[in-house]
Amino acid sequence: MLSKHNSIQRDQLEMITLDQLVPANHLVRKIEGAIDFTFIYDLVKDMYSEIGRPSIDPVILVKLTFIQYTFGIRSMRKTIEEVETNMAYRWFLGYGFHDKVPHFSTFGKNYERRFKDTDLFERIFYRILMTASERKLISAEHVFVDSTHVKASANKRKFEKKIVRKETRAYQGRLQEEINQDRENNGKKPFPPDKFDKEETKEIKESTTDPESGYYVKDERTKQFAYSFHAAADRNGFVLGTIVTPGNTHDSHILEPLVEQVIEKVGKPEAVAADAAYKTPAITSYLFGKEITPALPYTRPRTKEGFFRKHDYVYDEHFDCYLCPSGEILRYSTTNKEGYREYKSTKHTCATCSFLSQCTVSKGHQKVVTRHIWQNYMEEADHLRHHKDVKPIYAKRKETIERVFADAKEKHGMRWTTLRGLKKLSMQAMLTFAAMNLKKIANWTWQGPRMA
């Protein structure tokens with residue numbers, strides 16, 4: 001029999017506290033129990049004046065942003081709307097039933113006036129990370145590095161083409177020194193400084209809406225202005241560090257500063273795992289130089305179909321030369337300014353070789369094989385890839401850093417942004433990863449509701 005609920009109790013008076021309306025195991029209770037937010041006062045004391053009218057409590061401002069990023073609310077305006085009616089959010093902020101919630105523009109105004117050119121959000125991020133470390137939740141002997149693209153708040157059809165200088169890479173100075181040393185060791189003159197300092201340029205598309213974003217091309221369908229969020233995580237999925245760059249910055253350029261950030265703030269890891277984009281001579285050289293084990297994947301040879309592959313040319317370390325598939329010697333010629341040693345065949349020998357069509361299309365019938373001065377580090381990384389202790393580390397990527405980015409996009413609003421500019425995007429990255437770390441601390445340390 002169909003029954004109807006005819007009793008309307010909307011006007012019923014109850015004697016009840018706000019605390020009674022918040023479920024015992026609600027996430028906001030766990031977060032409140034995980035960390036004392038009063039540390040914010042020490043971080044912002046120099047950003048507020050002793051005179052003037054009273055301002056909004058900075059702890060409430062920071063807690064508002066944590067509500068937004070923890071629960072994946074798309075904007076501060078929407079967050080304020082949610083706080084108006086959500087009793088758990090009011091409880092978390094310390095508000096009563098009738099307390100007035102700040103206007104949604106308040107955070108924006110405070111950002112512009114007080115927080116914009118400070119390291120407040122970075123300090124909040126590391127304070128939460130320190131809390132996780134104090135509670136023995138961090139396991140950073142293995143660090144997992146990757147990046148993800150976040151769609152910029154910019155129309156991909158509104159841009160200007162510009163010629164800009166190529167960015168200097170973190171390892172450039174170290175590479176230049178070793179190139180000149182290698183040239184001297186092989187009887188060549190070192191390059192003069194102006195050979196390296198010669199300004200290299202590239203053409204880019206610069207957004208007229210958000211000039212600090214970068215034009216990112218993944219395939220024919222995915223072309224957009226974006227930012228890259230680079231992050232390092234431990235094996236428990238805690239984010240240990242993050243750097244934000246324009247979306248057209250190559251991942252491999254950021255590994256070194258990101259690992260340095262982790263070393264400074266958390267400690268030196270035993271191993272670093274990353275995908276194929278990070279498998280470069282510079283990165284393997286850097287990691288081995290720091291006595292950190294690289295856990296990198298197999299990469300396929302990029303040789304054209306029908307031609308010999310690089311490994312078909314055998315390197316003889318003792319005589320510093322290559323042997324081609326027909327047994328001819330390719331001798332050292334020079335070391336170029338990109339750091340590659342060039343090994344060349346003799347033209348008259350190659351001209352009559354039966355393998356010529358599989359070897360080179362050079363008009364002069366000369367085969368050139370290049371070998372980076374840091375190639376031995378690449379080869380050592382390849383050998384370690386099969387080691388019983390290293391192989392499982394790389395396999396953990398999918399449940400660590402890849403899981404972090406998946407959760408950030410699905411649950412915490414990181415798929416796209418409404419903010420513009422590197423500073424604001426860095427704030428978004430710090431707050432998103434801080435919220436994710438705090439959520440993990442809260443869930444892992446929650447003891448359950450205390451019984452009276």
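Mentor: What follows takes the pockets, then the cavities, then the nonpolar cores. The model is predicted, so to speak of local features we need pLDDT of at least 70, and side-chain atom pairs count only at pLDDT 80 or more, while totals for chains, interfaces and linings use all residues. Residues are numbered from 1 along each chain as its sequence is written, and side-chain values use heavy atoms, with hydrogens and water left out.

Terms come next. The search runs on a 1 Å grid over the protein atoms alone. A cavity is a set of points where a 1.4 Å probe fits but cannot get out. A pocket is an open set with protein on both sides within 12 Å along at least five of seven lines. Lining residues have an atom within 4 Å of a point. Points are joined across faces, edges and corners, and a volume is the space filled by probe spheres set on them. Helices (H or I, at least four residues) and strands (E, at least two) are DSSP runs, numbered from the N terminus. Nonpolar covers Ala, Val, Leu, Ile, Met, Phe, Trp, Tyr, Cys and Pro; charged covers Asp, Glu, Lys and Arg; polar covers the others, Gly among them.

Start with the largest pocket, at about 1400 Å³. It has 42 lining residues, and Pro-301, Lys-310, His-311, Gln-375 and Met-378 are the closest to its centre. Two or more residues each come from β12 (340-344), β13 (368-372) and α15 (375-384). Helix α15 gives the most, with six residues. The lining holds 17 nonpolar, 12 polar and 13 charged residues.

The second largest pocket has a volume of about 810 Å³. Its lining has 27 residues, with Arg-169, Tyr-171, Gln-172, Glu-200 and Glu-338 closest to the centre. Here α9 (172-185), α10 (193-197) and α12 (281-289) are the elements giving two or more residues. By class, that lining is seven nonpolar, eight polar and 12 charged.

The largest cavity has a volume of about 120 Å³. Of its 15 lining residues, Cys-324, Ser-326, Cys-350, Cys-353 and Cys-359 lie nearest the centre. The elements α13 (347-351) and α14 (356-359) each give two or more residues to this lining.

Ala-170, Tyr-171, Ser-252, His-253, Glu-256, Ala-282, Ile-283 and Tyr-286 line it. Helix α12 provides the largest share, three residues. Five of the lining residues are nonpolar, two polar and one charged.

Last, the packing. A nonpolar core is a set of buried (under 20% relative accessible area, 1.4 Å probe, protein chains only) Ala, Val, Leu, Ile, Met, Phe, Trp, Tyr and Cys residues joined through side-chain atoms within 4.5 Å. The largest core has 99 residues, and Phe-66, Phe-115, Phe-121, Ile-124, Leu-255 and Phe-433 touch the most other members. Helix α18 (residues 422-445) contributes the most to this core, with 12 residues. Apart from that core lies another, of nine residues, among them Tyr-313, Tyr-322, Cys-324 and Tyr-332.

Terms used. Buried means under 20% relative accessible area, exposed over 50%, partly exposed in between (1.4 Å probe, protein chains only).
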